[in-house]
Amino acid sequence: MSILGRRLKEARSRAGLSQEQLGMDAGIDPMSASARMNRYELGKRTPDFGLMERIAAELGLPTAYFYSANDDEAELLIAFHRLKPAARKKVLAMVMEAS
């Protein structure tokens, strides 16, 4: 299973969605939504970036989360994504100051 596939399956499961429902919510034709999402999760196919943006939006996650090879970085992406804009600015300023 690919990193993208693993993250996609975990995020979908956490959201309590079926493969079919997530696929349809992201704009995939209902007749093929389940099969396509299954292939993506198994790593047999890779969705194009535009579709991943729609899937990520449906799951309330940043698109970059699905592509990050590092688990710690992926978790940071989620945490940063959930911050309010003012808190994001503070975090960025702190990181820039530390580097």
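In what order do the elements of the chain run from the N terminus on? They run α-α-α-α-α-α. The model is a predicted one, in which local features need pLDDT of at least 70 and side-chain atom pairs count only at pLDDT 80 or more, while totals for chains, interfaces and linings use all residues. Residues are numbered from 1 along each chain as its sequence is written, and side-chain values use heavy atoms, with hydrogens and water left out.

**View 1. The whole chain.** The secondary structure comes to six helices and zero strands, where helices (H or I, at least four residues) and strands (E, at least two) are DSSP runs numbered from the N terminus. Along its principal axes, the C-alpha trace of the chain spans about 50 × 25 × 20 Å.

**View 2. Helix α1 against helix α3.** Helix α1 (residues 3-15) and helix α3 (residues 33-42) pack at an angle of about 125°, and their axes are 6 Å apart; axes are lines fitted to C-alpha atoms, for helices over the stretch in contact, and angles run from 0 to 180 degrees between N-to-C directions. That angle makes α1 oblique to α3, given that angles under 35 degrees count as roughly parallel, over 145 as roughly antiparallel, 65 to 115 as roughly perpendicular and the rest as oblique. The contact (heavy atoms within 4.5 Å) is made by G5, R6, L8, K9 and R12 of α1 together with M37, Y40 and E41 of α3. By class, the contact of α1 with α3 has three nonpolar, one polar and four charged residues.

**View 3. Helix α5 and its start.** Helix α5 (residues 71-82) has twelve residues and reaches 17 Å from its first C-alpha to its last, close to the 16 Å expected at 1.5 Å a residue; the expected span is 1.5 Å times one less than the number of residues. At the start of α5, a side-chain oxygen of N70 reaches to within 2.8 Å of the backbone nitrogen of D72.

**View 4. Helix α5 against helix α6.** The axes of α5 and helix α6 (residues 85-98) come within 8 Å and cross at roughly 135°, which makes α5 oblique to α6. F80, H81 and R82 of α5 and R88, V91 and L92 of α6 make the contact.

**View 5. The salt bridge of R6 and D71.** A search of the whole structure finds four salt bridges, each a side-chain nitrogen of Lys or Arg within 4 Å of a carboxyl oxygen of Asp or Glu. In one of them, the side chains of R6 and D71 meet (3.2 Å, N to O). R6 lies in helix α1 and D71 in helix α5, so the pair ties together parts that are 65 residues apart in sequence.

Technical notes: Ala, Val, Leu, Ile, Met, Phe, Trp, Tyr, Cys and Pro count as nonpolar, Asp, Glu, Lys and Arg as charged, and the others, Gly among them, as polar. A polar contact is a pair of N or O atoms within 3.5 Å; within protein, one must be able to donate a hydrogen and the other to accept it, and residues adjacent in sequence count only if both atoms are side-chain atoms.
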